[in-house]
Amino acid sequence: MSLWWALPFAGLLLCIATGPLLFAHFWEHHYGKITAFWSALVVVPLVVGYGIPIAAEAVLHAVLLEYMSFIILLFALFTISGGILIAGNIHGTPLVNAGLLLIGAILASVIGTTGASMVMIRPIIRANDNRPVNAHVVVFFIFLVSNIGGSLTPLGDPPLFVGFLRGVDFFWTTVHILPDTLFVGGLVLAAFVVLDVILHRGEQGAPKVKDPTPDSKVRIRGLPNLPLLAGVIAAILMSASWKPGIAFTVQGVTVELQNLVRDVIILALAFVSLAVSRKEYRIANGFNWGPIAEVAKLFAGIFICIVPVVAILRAGLDGSLGPLVSLVTLPSGQPNDLAYFWLTGMLSSFLDNAPTYLVFFEMAGGDPQHLMSEYASTLAAISAGAVFMGANTYIGNAPNFMVYAIAKDKGVNMPSFFGYMLWSGLVLIPVFIVSSLIFFG
């Protein structure tokens, strides 16, 4: 297949990257139609060029085996975490802020970066709303909670769940990326503490700002949702260990029973959350269906548009993307882990990190058993690059822009798109350079 087949995928990702910034109003009302347009540019030529049976099997393979499980998990984590409310307020000292960021980063690998961001962003804004300088707290929140913290399980960040759907073991990332995560997360958190201490001390002589939300006892509301989150984790682990050998075939696509049961359980847990959660808790969290609806539509297009790209990558050096494959391949024929980390990461900074992960996963061979064993460092480089560097821009990972919008709505003087990139360039890039040389050099 020629590179023309990759045009819809590139076009859709370009629209996702620029739409909310360059033509926000039009994008907000028509992103579904734009996604459908690029998807049609893949499906129609596939039907014309290869016939309905082959085209249907290729598209259904992506939709039934990857997209449906992917969006069901995101929907469940988004819905269940939206029913958990952290009420009350505490004073945002450097030590308290560091503690909140650490809690959020740990939560990110349990309830996802989106879930952790939505649960924790309002409490941390309330804790610092009487400080004259507080934008840096939200910036580091995006670094640690919305991105770096989600690197340890498939629940944490969409690219890792895509890897799980492709056959990567649930706890593989926990074991193989933990040292890198601790190193990167520890350095970024340390940088925050130093900066926050300096700014906090500088505020001591400034006129006091009346606290819009005075300190009060912190309480966690919506506790029935916690066992539901545990149920989601249990369902995923069940699908990884229970292999009944029963499968169903739909238009040439084989759907295994354990995966179907997993998705049904996860979906049921989300609806249970809607039934047991109090409405006022979701209102206080600013919960609405807009973000997950957008993700559902956009990723439907992404998973369809990436079908021919994956086919091209599977051709390796002989395919149309051979030059790109050669960039991540050493003269000996072995994968260049450092190149995988940086290429995956830099593309994840501007494109969505889930499809970027999938592209480089396929470029590295696409065989999960091979990547988890002989080429474990390569898979670790791809995984770390996709998750960590989603923090480099507001559009690198879905929660980034959501956090930005919430903070701005609450009166935080957030940096612009390029102002934020200056922050990430000064804080994150040096940390990534050191970590990549240590772990992947």
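## A briefing on the core, helices and aromatic rings

The largest nonpolar core takes in 135 residues, and the ones with the most contacts inside it are Leu 101, Phe 143, Val 188, Val 232, Ile 236, Phe 388 and Met 414. Such a core is a set of buried Ala, Val, Leu, Ile, Met, Phe, Trp, Tyr and Cys residues joined through side-chain atoms within 4.5 Å. Buried means under 20% relative accessible area, exposed means over 50%, and partly exposed is in between (1.4 Å probe, protein chains only).

Please keep in mind that this is a predicted model, where local features need pLDDT of at least 70 and side-chain atom pairs count only at pLDDT 80 or more, while totals for chains, interfaces and linings use all residues. Residues are numbered from 1 along each chain as its sequence is written, and side-chain values use heavy atoms, with hydrogens and water left out.

- Leu 101 touches Ile 124, Val 137, Phe 140, Phe 141, Leu 144, Val 145, Leu 189 and Phe 192, leaving aside residues up to four places away in sequence; contact means heavy atoms within 4.5 Å.
- Ile 406 lies in helix α18 (residues 398–409) and is buried, with a relative accessible area of 13%.
- Not counting residues up to four places away in sequence, Ile 406 touches Met 118, Ile 121, Arg 122 and Ile 125.
- Ile 406 and Ile 125 are 281 residues apart along the chain, and their C-alpha atoms are separated by 9.3 Å.

**A covered helix**
- Helix α15 (residues 353–363) is mostly covered, with 11 of its 11 residues buried; helices are DSSP runs (H or I, at least four residues), numbered from the N terminus.
- The buried residues of α15 include Asn 353, Thr 356 and Glu 362.
- Just after α15, Gly 365 takes a positive phi of about 120°.

**Aromatic rings**
- Rings of Phe, Tyr and Trp (its six-membered ring) pair if their centres lie within 6.5 Å; planes under 30 degrees apart count as stacked, over 60 as edge-to-face and the rest as tilted.
- By this rule, the count is 27 aromatic pairs.
- The rings of Phe 161 and Phe 164 are stacked, because their centres are 5.8 Å apart and their planes are at 20°.
- Both Phe 161 and Phe 164 lie in helix α6 (residues 158–165), three residues apart, and both are buried.
- One aromatic cluster is formed by Phe 140, Phe 143, Phe 192, Tyr 394, Tyr 404, Tyr 420 and Trp 423.

Terms used: Helices (H or I, at least four residues) and strands (E, at least two) are DSSP runs, numbered from the N terminus.
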